Amino acid sequence: MTDGGRKSLAGRAFALFFAVSLAISALVGVAVTTASFLAYERDAEDRLLAQAQACASALEGQPDGEAMAVELAKTPFVETRATLVAADGTVLYDSYADPTSMENHSERVEVVRARDSGQACVMRRSETLGEDSLYAAALVRDGVVVRLAETRVSLASFLGGMAVPLVAAMAAAFLLSLLASRLITRAIVKPLHGIDLARPLDNDAYDELQPLLKRVDAQRAQLEKSVDLRREFTANVSHEMKTPLQVIGGYAELMEGGLVVQEDVPHFSGIIRRESESMRCLIDDVLVLSRLEEDGGEAERVPLAGTCQRVVERLRPAAEAKGVSLLADLSDDAAVSGNPAIAEQMAYNLVDNAIKYSPEGGTVSVSIASSGNVVTLSIADEGPGVPDELKERVFERFFRADPSRSRETGGTGLGLAIVKHAAESMGGNVRVEDVPGGGAVFMVSLPVIK
Ligand code: ADP
(Lines give C-alpha, C1' and ligand atoms only; values in the text may rest on other atoms or scores of the structure.)
Protein backbone atom coordinates (compact mmCIF):
# COMPACT_ATOMS: atom_id res chain seq x y z
CA MET A 1 0.00 0.00 0.00
CA THR A 2 2.41 2.63 -1.15
CA ASP A 3 1.87 5.73 -3.17
CA GLY A 4 4.93 6.70 -5.17
CA GLY A 5 7.21 4.93 -2.69
CA ARG A 6 5.54 6.52 0.31
CA LYS A 7 4.20 4.31 3.08
CA SER A 8 0.53 4.37 3.97
CA LEU A 9 -0.16 4.62 7.68
CA ALA A 10 -3.66 3.17 7.25
CA GLY A 11 -2.31 0.25 5.19
CA ARG A 12 0.45 -0.54 7.66
CA ALA A 13 -1.81 -0.22 10.71
CA PHE A 14 -4.43 -2.42 9.07
CA ALA A 15 -1.93 -5.13 8.07
CA LEU A 16 -0.43 -5.09 11.56
CA PHE A 17 -3.73 -5.26 13.44
CA PHE A 18 -5.00 -7.94 11.12
CA ALA A 19 -1.87 -10.08 11.47
CA VAL A 20 -1.81 -9.67 15.24
CA SER A 21 -5.49 -10.48 15.71
CA LEU A 22 -5.24 -13.51 13.42
CA ALA A 23 -2.21 -14.74 15.35
CA ILE A 24 -4.05 -14.26 18.65
CA SER A 25 -7.12 -16.11 17.29
CA ALA A 26 -4.92 -18.97 16.09
CA LEU A 27 -3.17 -19.20 19.47
CA VAL A 28 -6.48 -19.15 21.36
CA GLY A 29 -7.83 -21.80 18.94
CA VAL A 30 -4.86 -24.11 19.53
CA ALA A 31 -5.06 -23.62 23.31
CA VAL A 32 -8.81 -24.29 23.45
CA THR A 33 -8.50 -27.39 21.21
CA THR A 34 -5.63 -28.81 23.29
CA ALA A 35 -7.51 -28.19 26.53
CA SER A 36 -10.67 -29.85 25.23
CA PHE A 37 -8.68 -32.83 23.93
CA LEU A 38 -7.01 -33.28 27.33
CA ALA A 39 -10.37 -32.93 29.12
CA TYR A 40 -11.88 -35.44 26.70
CA GLU A 41 -9.11 -37.95 27.45
CA ARG A 42 -9.43 -37.47 31.21
CA ASP A 43 -13.16 -37.98 30.85
CA ALA A 44 -12.63 -41.20 28.89
CA GLU A 45 -10.23 -42.49 31.60
CA ASP A 46 -12.72 -41.74 34.38
CA ARG A 47 -15.55 -43.37 32.49
CA LEU A 48 -13.58 -46.55 31.65
CA LEU A 49 -12.30 -46.85 35.24
CA ALA A 50 -15.83 -46.53 36.64
CA GLN A 51 -16.98 -49.17 34.20
CA ALA A 52 -14.13 -51.51 35.23
CA GLN A 53 -15.04 -51.05 38.86
CA ALA A 54 -18.69 -51.79 38.17
CA CYS A 55 -17.60 -55.01 36.42
CA ALA A 56 -15.39 -55.96 39.35
CA SER A 57 -18.31 -55.47 41.77
CA ALA A 58 -20.58 -57.56 39.53
CA LEU A 59 -18.04 -60.41 39.36
CA GLU A 60 -17.10 -60.35 43.04
CA GLY A 61 -19.95 -62.75 44.05
CA GLN A 62 -18.80 -65.55 41.70
CA PRO A 63 -17.16 -68.59 43.43
CA ASP A 64 -14.03 -68.80 41.23
CA GLY A 65 -12.20 -67.46 38.16
CA GLU A 66 -14.01 -69.80 35.76
CA ALA A 67 -17.42 -68.63 36.94
CA MET A 68 -16.23 -65.00 36.77
CA ALA A 69 -15.14 -65.56 33.14
CA VAL A 70 -18.51 -67.01 32.23
CA GLU A 71 -20.27 -64.09 33.92
CA LEU A 72 -18.03 -61.52 32.22
CA ALA A 73 -18.67 -63.11 28.81
CA LYS A 74 -22.35 -62.39 29.30
CA THR A 75 -21.83 -58.67 29.75
CA PRO A 76 -22.56 -56.83 26.49
CA PHE A 77 -19.76 -54.34 25.57
CA VAL A 78 -19.70 -52.05 22.59
CA GLU A 79 -16.20 -51.24 21.27
CA THR A 80 -14.77 -52.09 24.65
CA ARG A 81 -12.48 -55.05 25.10
CA ALA A 82 -12.89 -56.97 28.37
CA THR A 83 -10.18 -59.22 29.80
CA LEU A 84 -10.14 -61.30 32.98
CA VAL A 85 -6.66 -62.11 34.40
CA ALA A 86 -6.19 -64.77 37.05
CA ALA A 87 -3.97 -64.26 40.09
CA ASP A 88 -1.10 -66.12 38.35
CA GLY A 89 -1.40 -63.92 35.22
CA THR A 90 -3.23 -66.49 33.06
CA VAL A 91 -5.85 -64.87 30.85
CA LEU A 92 -9.19 -66.46 31.79
CA TYR A 93 -11.27 -64.52 29.29
CA ASP A 94 -10.80 -61.94 26.51
CA SER A 95 -13.64 -60.54 24.44
CA TYR A 96 -11.38 -59.82 21.41
CA ALA A 97 -8.99 -62.79 21.35
CA ASP A 98 -8.70 -66.40 22.25
CA PRO A 99 -7.40 -66.52 25.87
CA THR A 100 -5.46 -69.75 25.29
CA SER A 101 -3.31 -68.07 22.61
CA MET A 102 -2.48 -65.13 24.87
CA GLU A 103 0.69 -64.83 26.94
CA ASN A 104 0.80 -64.45 30.70
CA HIS A 105 -0.52 -60.99 31.71
CA SER A 106 0.88 -60.76 35.25
CA GLU A 107 3.52 -58.20 34.18
CA ARG A 108 1.06 -55.80 32.43
CA VAL A 109 1.43 -52.44 34.16
CA GLU A 110 -2.29 -51.91 34.79
CA VAL A 111 -2.64 -55.45 36.21
CA VAL A 112 0.33 -55.01 38.58
CA ARG A 113 -1.01 -51.66 39.76
CA ALA A 114 -4.60 -52.86 40.17
CA ARG A 115 -3.35 -55.70 42.39
CA ASP A 116 -1.40 -53.16 44.45
CA SER A 117 -3.99 -50.45 44.86
CA GLY A 118 -7.33 -51.88 43.72
CA GLN A 119 -7.51 -49.98 40.44
CA ALA A 120 -5.36 -48.44 37.70
CA CYS A 121 -5.67 -46.63 34.44
CA VAL A 122 -2.86 -46.68 31.84
CA MET A 123 -2.36 -45.48 28.29
CA ARG A 124 -0.06 -47.72 26.26
CA ARG A 125 0.35 -49.66 23.08
CA SER A 126 -1.50 -52.97 23.00
CA GLU A 127 0.73 -55.89 22.02
CA THR A 128 -2.30 -58.00 21.19
CA LEU A 129 -4.10 -55.39 19.02
CA GLY A 130 -1.11 -53.29 17.89
CA GLU A 131 -2.59 -49.86 18.58
CA ASP A 132 -2.59 -47.17 21.31
CA SER A 133 -5.09 -48.19 23.93
CA LEU A 134 -6.49 -46.93 27.19
CA TYR A 135 -6.58 -49.62 29.87
CA ALA A 136 -8.62 -49.52 33.09
CA ALA A 137 -8.10 -52.41 35.52
CA ALA A 138 -9.88 -53.19 38.78
CA LEU A 139 -9.17 -55.92 41.36
CA VAL A 140 -12.12 -58.33 41.69
CA ARG A 141 -10.80 -60.42 44.58
CA ASP A 142 -7.98 -62.88 45.44
CA GLY A 143 -5.65 -61.36 42.81
CA VAL A 144 -8.14 -61.74 39.93
CA VAL A 145 -8.22 -58.55 37.88
CA VAL A 146 -10.84 -57.43 35.35
CA ARG A 147 -9.51 -55.12 32.67
CA LEU A 148 -11.35 -52.97 30.11
CA ALA A 149 -9.60 -51.47 27.10
CA GLU A 150 -10.55 -48.94 24.47
CA THR A 151 -8.68 -47.81 21.41
CA ARG A 152 -7.35 -44.35 22.13
CA VAL A 153 -8.90 -41.58 20.07
CA SER A 154 -6.07 -39.85 18.18
CA LEU A 155 -5.80 -36.06 18.07
CA ALA A 156 -6.44 -36.23 14.33
CA SER A 157 -9.73 -38.06 14.71
CA PHE A 158 -10.64 -35.84 17.65
CA LEU A 159 -10.08 -32.80 15.41
CA GLY A 160 -11.97 -34.57 12.64
CA GLY A 161 -14.96 -34.81 14.96
CA MET A 162 -14.70 -31.08 15.67
CA ALA A 163 -14.17 -30.10 12.03
CA VAL A 164 -17.40 -28.18 11.52
CA PRO A 165 -17.29 -26.01 14.67
CA LEU A 166 -13.53 -25.55 14.18
CA VAL A 167 -13.84 -24.27 10.62
CA ALA A 168 -16.79 -22.08 11.67
CA ALA A 169 -14.78 -20.62 14.56
CA MET A 170 -11.79 -19.98 12.28
CA ALA A 171 -13.97 -18.25 9.70
CA ALA A 172 -15.60 -16.16 12.44
CA ALA A 173 -12.18 -15.24 13.87
CA PHE A 174 -10.99 -14.26 10.39
CA LEU A 175 -14.02 -12.07 9.70
CA LEU A 176 -13.95 -10.51 13.17
CA SER A 177 -10.22 -9.74 12.84
CA LEU A 178 -10.85 -8.19 9.46
CA LEU A 179 -13.70 -6.06 10.77
CA ALA A 180 -11.94 -5.04 13.99
CA SER A 181 -8.72 -4.15 12.12
CA ARG A 182 -10.64 -2.03 9.67
CA LEU A 183 -12.53 -0.21 12.45
CA ILE A 184 -9.39 0.38 14.52
CA THR A 185 -7.45 1.61 11.50
CA ARG A 186 -10.24 3.97 10.56
CA ALA A 187 -10.46 5.30 14.12
CA ILE A 188 -6.70 5.92 14.19
CA VAL A 189 -6.52 7.61 10.80
CA LYS A 190 -9.66 9.74 11.14
CA PRO A 191 -8.17 12.52 13.31
CA LEU A 192 -5.35 12.85 10.75
CA HIS A 193 -7.78 13.63 7.96
CA GLY A 194 -9.37 16.32 10.12
CA ILE A 195 -6.16 18.32 10.59
CA ASP A 196 -6.58 21.88 9.37
CA LEU A 197 -3.14 23.05 8.26
CA ALA A 198 -4.37 26.61 7.96
CA ARG A 199 -4.68 26.63 11.76
CA PRO A 200 -2.28 23.88 12.88
CA LEU A 201 -2.46 24.65 16.61
CA ASP A 202 -6.29 24.50 16.77
CA ASN A 203 -6.26 20.76 16.07
CA ASP A 204 -6.78 18.19 18.78
CA ALA A 205 -5.32 15.32 16.76
CA TYR A 206 -2.54 13.47 18.59
CA ASP A 207 -0.01 14.62 21.19
CA GLU A 208 2.66 12.96 19.08
CA LEU A 209 1.80 15.30 16.21
CA GLN A 210 2.13 18.50 18.26
CA PRO A 211 5.85 19.06 17.50
CA LEU A 212 5.16 18.68 13.78
CA LEU A 213 2.09 20.95 13.91
CA LYS A 214 4.05 23.54 15.89
CA ARG A 215 6.73 23.51 13.20
CA VAL A 216 4.11 23.91 10.48
CA ASP A 217 2.60 26.83 12.40
CA ALA A 218 5.97 28.50 12.89
CA GLN A 219 6.76 28.12 9.20
CA ARG A 220 3.38 29.49 8.23
CA ALA A 221 3.84 32.52 10.49
CA GLN A 222 7.31 33.08 9.04
CA LEU A 223 5.96 32.85 5.52
CA GLU A 224 3.19 35.31 6.27
CA LYS A 225 5.68 37.69 7.84
CA SER A 226 8.03 37.55 4.88
CA VAL A 227 5.13 38.07 2.48
CA ASP A 228 4.11 41.15 4.49
CA LEU A 229 7.69 42.42 4.58
CA ARG A 230 8.11 41.92 0.86
CA ARG A 231 4.86 43.74 0.13
CA GLU A 232 5.93 46.63 2.36
CA PHE A 233 9.37 46.67 0.77
CA THR A 234 7.94 46.77 -2.75
CA ALA A 235 5.63 49.61 -1.76
CA ASN A 236 8.58 51.50 -0.26
CA VAL A 237 10.78 50.97 -3.33
CA SER A 238 8.06 52.23 -5.66
CA HIS A 239 7.50 55.23 -3.43
CA GLU A 240 11.24 55.98 -3.30
CA MET A 241 11.44 55.85 -7.10
CA LYS A 242 8.51 58.17 -7.61
CA THR A 243 10.21 61.25 -6.15
CA PRO A 244 13.30 61.33 -8.43
CA LEU A 245 11.15 60.35 -11.42
CA GLN A 246 8.76 63.22 -10.71
CA VAL A 247 11.67 65.64 -10.42
CA ILE A 248 13.29 64.34 -13.63
CA GLY A 249 9.97 64.35 -15.48
CA GLY A 250 9.09 67.83 -14.22
CA TYR A 251 12.38 69.51 -15.28
CA ALA A 252 12.49 67.65 -18.59
CA GLU A 253 8.99 68.90 -19.33
CA LEU A 254 9.99 72.50 -18.54
CA MET A 255 12.98 72.30 -20.86
CA GLU A 256 10.97 70.56 -23.54
CA GLY A 257 8.38 73.33 -23.46
CA GLY A 258 11.11 75.97 -23.89
CA LEU A 259 10.27 77.42 -20.47
CA VAL A 260 13.90 77.36 -19.30
CA VAL A 261 16.27 80.08 -20.34
CA GLN A 262 19.50 78.88 -21.86
CA GLU A 263 21.64 79.87 -18.85
CA ASP A 264 19.56 77.69 -16.52
CA VAL A 265 19.83 74.58 -18.66
CA PRO A 266 23.11 73.34 -17.03
CA HIS A 267 21.57 73.81 -13.58
CA PHE A 268 18.43 71.82 -14.40
CA SER A 269 20.43 69.18 -16.27
CA GLY A 270 22.56 68.82 -13.10
CA ILE A 271 19.42 68.22 -11.03
CA ILE A 272 18.24 65.59 -13.52
CA ARG A 273 21.68 63.92 -13.42
CA ARG A 274 21.73 63.84 -9.59
CA GLU A 275 18.22 62.45 -9.37
CA SER A 276 18.95 59.72 -11.89
CA GLU A 277 22.16 59.02 -9.91
CA SER A 278 20.15 58.57 -6.73
CA MET A 279 17.74 56.25 -8.54
CA ARG A 280 20.67 54.20 -9.73
CA CYS A 281 21.93 53.99 -6.12
CA LEU A 282 18.49 52.86 -4.98
CA ILE A 283 18.34 50.16 -7.63
CA ASP A 284 21.86 49.00 -6.71
CA ASP A 285 20.92 48.79 -3.03
CA VAL A 286 17.69 46.92 -3.77
CA LEU A 287 19.66 44.42 -5.86
CA VAL A 288 22.25 43.92 -3.11
CA LEU A 289 19.51 43.40 -0.52
CA SER A 290 17.60 40.87 -2.59
CA ARG A 291 20.82 38.99 -3.34
CA LEU A 292 21.57 38.95 0.40
CA GLU A 293 18.09 37.65 1.13
CA GLU A 294 18.44 34.88 -1.39
CA ASP A 295 21.68 33.26 -0.29
CA GLY A 296 24.12 35.82 1.08
CA GLY A 297 26.44 35.02 -1.83
CA GLU A 298 29.23 32.44 -2.00
CA ALA A 299 31.11 32.30 1.31
CA GLU A 300 34.89 32.43 1.28
CA ARG A 301 37.76 33.62 3.47
CA VAL A 302 37.72 37.42 3.72
CA PRO A 303 40.70 39.25 5.33
CA LEU A 304 38.96 42.25 6.96
CA ALA A 305 41.98 44.61 6.86
CA GLY A 306 42.32 44.28 3.07
CA THR A 307 38.62 44.89 2.60
CA CYS A 308 38.70 48.04 4.77
CA GLN A 309 41.88 49.27 3.07
CA ARG A 310 40.12 49.23 -0.32
CA VAL A 311 37.05 50.99 1.11
CA VAL A 312 39.20 53.72 2.69
CA GLU A 313 41.01 54.29 -0.62
CA ARG A 314 37.75 54.46 -2.55
CA LEU A 315 36.26 56.99 -0.13
CA ARG A 316 39.35 59.10 0.55
CA PRO A 317 38.51 61.59 -2.28
CA ALA A 318 34.99 62.09 -0.85
CA ALA A 319 36.44 62.63 2.65
CA GLU A 320 39.05 65.08 1.35
CA ALA A 321 36.41 66.96 -0.62
CA LYS A 322 34.55 67.48 2.66
CA GLY A 323 37.68 68.22 4.69
CA VAL A 324 37.16 65.10 6.79
CA SER A 325 40.27 63.20 7.94
CA LEU A 326 40.02 59.48 7.39
CA LEU A 327 42.15 57.49 9.89
CA ALA A 328 42.57 53.75 9.60
CA ASP A 329 44.13 51.29 12.07
CA LEU A 330 44.13 48.05 10.12
CA SER A 331 46.96 46.16 11.85
CA ASP A 332 44.72 43.28 12.98
CA ASP A 333 44.92 40.45 10.47
CA ALA A 334 41.72 38.59 11.42
CA ALA A 335 39.75 36.94 8.61
CA VAL A 336 36.05 36.18 8.46
CA SER A 337 33.90 33.91 6.31
CA GLY A 338 31.54 35.57 3.85
CA ASN A 339 31.09 36.99 0.38
CA PRO A 340 33.96 39.48 -0.31
CA ALA A 341 31.77 41.83 -2.36
CA ILE A 342 29.14 41.95 0.36
CA ALA A 343 31.73 42.43 3.10
CA GLU A 344 33.17 45.36 1.15
CA GLN A 345 29.70 46.83 0.56
CA MET A 346 29.07 46.60 4.32
CA ALA A 347 32.28 48.46 5.23
CA TYR A 348 31.69 50.94 2.40
CA ASN A 349 28.19 51.85 3.63
CA LEU A 350 29.44 52.46 7.18
CA VAL A 351 32.44 54.60 6.18
CA ASP A 352 30.33 56.44 3.58
CA ASN A 353 27.72 57.28 6.25
CA ALA A 354 30.41 58.34 8.72
CA ILE A 355 31.83 60.81 6.17
CA LYS A 356 28.35 62.00 5.16
CA TYR A 357 27.26 62.65 8.75
CA SER A 358 30.61 64.16 9.85
CA PRO A 359 30.92 67.93 10.19
CA GLU A 360 33.51 69.61 8.01
CA GLY A 361 36.99 69.15 9.47
CA GLY A 362 35.83 66.14 11.50
CA THR A 363 37.59 62.83 11.81
CA VAL A 364 36.42 59.35 10.84
CA SER A 365 38.35 56.41 12.36
CA VAL A 366 38.21 52.90 10.99
CA SER A 367 39.69 50.15 13.20
CA ILE A 368 39.75 46.39 13.53
CA ALA A 369 40.28 44.58 16.84
CA SER A 370 39.90 40.89 17.47
CA SER A 371 39.51 39.22 20.83
CA GLY A 372 39.17 35.48 21.09
CA ASN A 373 36.96 34.21 18.30
CA VAL A 374 35.34 37.55 17.54
CA VAL A 375 36.64 40.43 15.46
CA THR A 376 35.03 43.86 15.69
CA LEU A 377 35.14 46.43 12.93
CA SER A 378 34.49 49.93 14.35
CA ILE A 379 33.75 53.07 12.38
CA ALA A 380 33.61 56.18 14.56
CA ASP A 381 32.72 59.71 13.51
CA GLU A 382 32.25 63.11 15.14
CA GLY A 383 28.79 63.73 13.71
CA PRO A 384 25.47 64.18 15.51
CA GLY A 385 25.34 60.56 16.72
CA VAL A 386 22.21 58.40 16.84
CA PRO A 387 19.65 59.12 19.60
CA ASP A 388 19.07 56.16 21.96
CA GLU A 389 15.47 55.60 20.82
CA LEU A 390 16.64 55.20 17.19
CA LYS A 391 19.66 52.94 17.82
CA GLU A 392 17.66 49.88 16.72
CA ARG A 393 15.48 51.56 14.11
CA VAL A 394 18.29 53.02 11.97
CA PHE A 395 18.89 49.47 10.70
CA GLU A 396 15.35 49.16 9.31
CA ARG A 397 14.83 49.49 5.59
CA PHE A 398 14.08 53.02 4.42
CA PHE A 399 14.45 54.39 7.91
CA ARG A 400 15.90 57.89 7.98
CA ALA A 401 16.23 59.93 11.14
CA ASP A 402 16.07 63.11 9.12
CA PRO A 403 14.56 62.40 5.69
CA SER A 404 15.31 65.78 4.12
CA ARG A 405 18.96 65.66 5.14
CA SER A 406 19.37 62.04 4.01
CA ARG A 407 17.92 62.88 0.62
CA GLU A 408 20.28 65.82 0.36
CA THR A 409 23.25 63.56 0.95
CA GLY A 410 21.97 61.10 -1.65
CA GLY A 411 21.01 58.40 0.90
CA THR A 412 18.61 55.62 -0.04
CA GLY A 413 17.64 54.63 3.50
CA LEU A 414 18.83 51.11 2.68
CA GLY A 415 22.51 51.46 3.59
CA LEU A 416 22.29 50.28 7.20
CA ALA A 417 19.69 47.60 6.36
CA ILE A 418 22.29 46.16 3.98
CA VAL A 419 24.95 46.37 6.72
CA LYS A 420 22.73 44.51 9.17
CA HIS A 421 21.84 41.82 6.64
CA ALA A 422 25.46 41.42 5.58
CA ALA A 423 26.68 41.11 9.18
CA GLU A 424 24.03 38.48 9.89
CA SER A 425 24.82 36.58 6.69
CA MET A 426 28.39 36.27 8.03
CA GLY A 427 27.13 34.99 11.40
CA GLY A 428 27.63 38.29 13.23
CA ASN A 429 25.76 41.45 14.21
CA VAL A 430 25.98 45.24 14.13
CA ARG A 431 25.19 47.89 16.74
CA VAL A 432 25.67 51.63 17.16
CA GLU A 433 26.94 53.40 20.26
CA ASP A 434 27.74 56.96 21.25
CA VAL A 435 31.26 58.35 21.07
CA PRO A 436 32.12 60.32 24.24
CA GLY A 437 32.28 63.96 23.26
CA GLY A 438 29.81 63.49 20.39
CA GLY A 439 29.55 61.20 17.38
CA ALA A 440 28.49 57.69 16.55
CA VAL A 441 30.48 54.48 16.43
CA PHE A 442 29.10 51.59 14.38
CA MET A 443 30.51 48.22 15.44
CA VAL A 444 30.24 45.02 13.40
CA SER A 445 31.19 41.87 15.33
CA LEU A 446 31.96 38.76 13.29
CA PRO A 447 33.20 35.27 14.06
CA VAL A 448 36.88 34.84 13.18
CA ILE A 449 38.04 31.97 10.97
CA LYS A 450 41.55 30.52 11.17
P1 ADP B 1 20.77 56.74 4.41
O2 ADP B 1 20.94 56.30 3.03
O3 ADP B 1 19.61 57.62 4.64
O4 ADP B 1 22.03 57.18 5.07
P5 ADP B 1 21.14 54.46 6.07
O6 ADP B 1 20.40 53.16 6.18
O7 ADP B 1 22.56 54.40 5.71
O8 ADP B 1 20.33 55.36 5.12
O9 ADP B 1 21.00 55.15 7.44
C10 ADP B 1 19.74 55.25 8.07
C11 ADP B 1 19.69 56.45 9.02
O12 ADP B 1 20.60 56.23 10.09
C13 ADP B 1 20.14 57.70 8.38
O14 ADP B 1 19.09 58.37 7.74
C15 ADP B 1 20.64 58.47 9.56
O16 ADP B 1 19.57 59.11 10.21
C17 ADP B 1 21.18 57.42 10.50
N18 ADP B 1 22.66 57.33 10.40
C19 ADP B 1 23.35 56.49 9.63
N20 ADP B 1 24.67 56.65 9.81
C21 ADP B 1 24.84 57.62 10.72
C22 ADP B 1 25.98 58.25 11.32
N23 ADP B 1 27.21 57.87 11.04
N24 ADP B 1 25.74 59.22 12.25
C25 ADP B 1 24.48 59.59 12.56
N26 ADP B 1 23.36 59.04 12.01
C27 ADP B 1 23.54 58.05 11.09
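User: What separates the centres of domain 1 and domain 3?

Analyst: In this predicted model, the centres of domain 1 and domain 3, taken over C-alpha atoms, are separated by 108 Å. The chain is divided into domain 1 (11–158), domain 2 (196–294) and domain 3 (298–447), with bounds that come from an automatic or database domain assignment.

User: What makes a set of residues a nonpolar core, and which residues have the most contacts inside the largest one?

Analyst: The members must be buried residues of the listed nonpolar kinds, joined through side-chain atoms within 4.5 Å. The largest such core has 54 residues, and M346, L377 and V444 have the most contacts inside it. Helix α9 (residues 340–357) gives the largest share, eight residues. Domain 2 and domain 3 each supply at least three residues to this core.

User: Which residues does L377 touch?

Analyst: Contact requires heavy atoms within 4.5 Å. Leaving aside residues up to four places away in sequence, L377 touches L304, C308, M346, A347, V366, S367, I368, F442, M443 and V444. A second, separate core has 20 residues, including C55, L72, A82 and A136.

User: Why is strand β7 described as largely enclosed by the rest of the structure?

Analyst: A residue is buried when its relative accessible area is under 20%. Seven of the eight residues of β7 (residues 144–151) are buried, so the strand is largely enclosed by the rest of the structure.

User: How do you know that β7 pairs with β3 and with β6?

Analyst: Pairing calls for at least two bridges between two strands. Five bridges join β3 (residues 81–85) to β7, and eight join β6 (residues 132–141) to β7. Because each pair of strands has at least two bridges, both count as paired. β3 and β7 run antiparallel, as do β6 and β7. In β7, V146 is the bridge partner of L84, while V144 stands opposite R141. β6 and β7 form a hairpin with two residues between them, and D142 in the turn has a positive phi of about 50°.

User: What makes a space a cavity, and how many are counted?

Analyst: A cavity is a set of points where a 1.4 Å probe fits but cannot get out. The count comes to one cavity of 30 Å³ or more. About 30 Å³ of space lies in the largest cavity.

User: Which residues line the largest cavity?

Analyst: Lining residues have an atom within 4 Å of a cavity point. For the largest cavity they are R81, H105, R108, R124, S126, E127, T128, Y135 and R147.

Definitions and conventions
Residues are numbered from 1 along each chain as its sequence is written. This is a predicted model: local features need pLDDT of at least 70, side-chain atom pairs count only at pLDDT 80 or more; totals for chains, interfaces and linings use all residues. Side-chain values use heavy atoms; hydrogens and water are left out. Buried means under 20% relative accessible area, exposed over 50%, partly exposed in between (1.4 Å probe, protein chains only). Helices (H or I, at least four residues) and strands (E, at least two) are DSSP runs, numbered from the N terminus. On a 1 Å grid over the protein atoms alone, a cavity is a set of points where a 1.4 Å probe fits but cannot get out, and a pocket is an open set with protein on both sides within 12 Å along at least five of seven lines; lining residues have an atom within 4 Å of a point. Grid points are joined across faces, edges and corners, and a volume is the space filled by probe spheres set on the points.
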